[in-house]
Amino acid sequence: MNFFNLFKKQKPAEAERTAVPEPATRGPAAQFRSNDLLKEAIARHTDRPDDTALLQALYRQLGEGILLLAVDRPPPVDANGVIQEAVTLKMLTSVGPGGGLLLQAFTDVHAAFARIRSGSGLGVIAQASEDVLKSAVEGNYEGMIINAAGPYVIVPIQIVADIRGGKYRA
């Protein structure tokens, strides 16, 4: 059985986590930013889930660019859409197979709002991928789910830590 198929029917949950102090953006600036290369890598992996070379390319791309996070009550930003200080955010998560939380992240605003229910009060912030990976590792998540509405990929926390450590860099 493919590890990534274990999470398809998990129900969403929310958990409070502290955001990393590096600036993040939301609002108009974030809506035009996307990680198209990661989105394409996820689609290719979905078409050929047993291709380890594609999976490693996906992991390499996950460490680059930006990721979006769905958050409850996004914090205020300056005129450029930048959050200037560390804040505690309630981020969208899913329950993993071990009962732990998977941090939900998205490659673009369309993928985020395909998952976020209208009227839920959730907004979107964008952060550098490295900062999101750091939050996942330091936040004691079980892993990450990227583009939960599909096509999606589940990344176990040990792989997230390996990506942060440079294991999959070109």
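Read along the sequence, this protein runs β-β-α-α-α-β-β-β-α-β-α-β-β-α, which gives 6 helices and 8 strands; helices (H or I, at least four residues) and strands (E, at least two) are DSSP runs, numbered from the N terminus. This is a predicted model, with local features needing pLDDT of at least 70 and side-chain atom pairs counted only at pLDDT 80 or more, while totals for chains, interfaces and linings use all residues. Residues are numbered from 1 along each chain, and side-chain values use heavy atoms, without hydrogens or water.

Of the 170 residues, 48% are buried, meaning under 20% relative accessible area with a 1.4 Å probe, protein chains only.

After helix 5 comes N140, with a positive phi near 60 degrees.

Now the pairing with helix 6. The axes, lines fitted to C-alpha atoms over the stretch in contact, come within 9 Å and cross at roughly 135 degrees. Angles run from 0 to 180 degrees between N-to-C directions. The two helices are therefore oblique to each other; under 35 degrees would be roughly parallel, over 145 roughly antiparallel, 65 to 115 roughly perpendicular, and the rest is oblique.

Which residues meet? From helix 5, E130, L133, K134, A136 and V137; from helix 6, I157, V160, A161, I163 and R164, where contact means heavy atoms within 4.5 Å. By class, that contact has 7 nonpolar, no polar and 3 charged residues, with Asp, Glu, Lys and Arg counted as charged, Ala, Val, Leu, Ile, Met, Phe, Trp, Tyr, Cys and Pro as nonpolar, and the others as polar.

Note on methods
Buried < 20%, exposed > 50% of the residue type's maximum accessible area, 1.4 Å probe, protein only.
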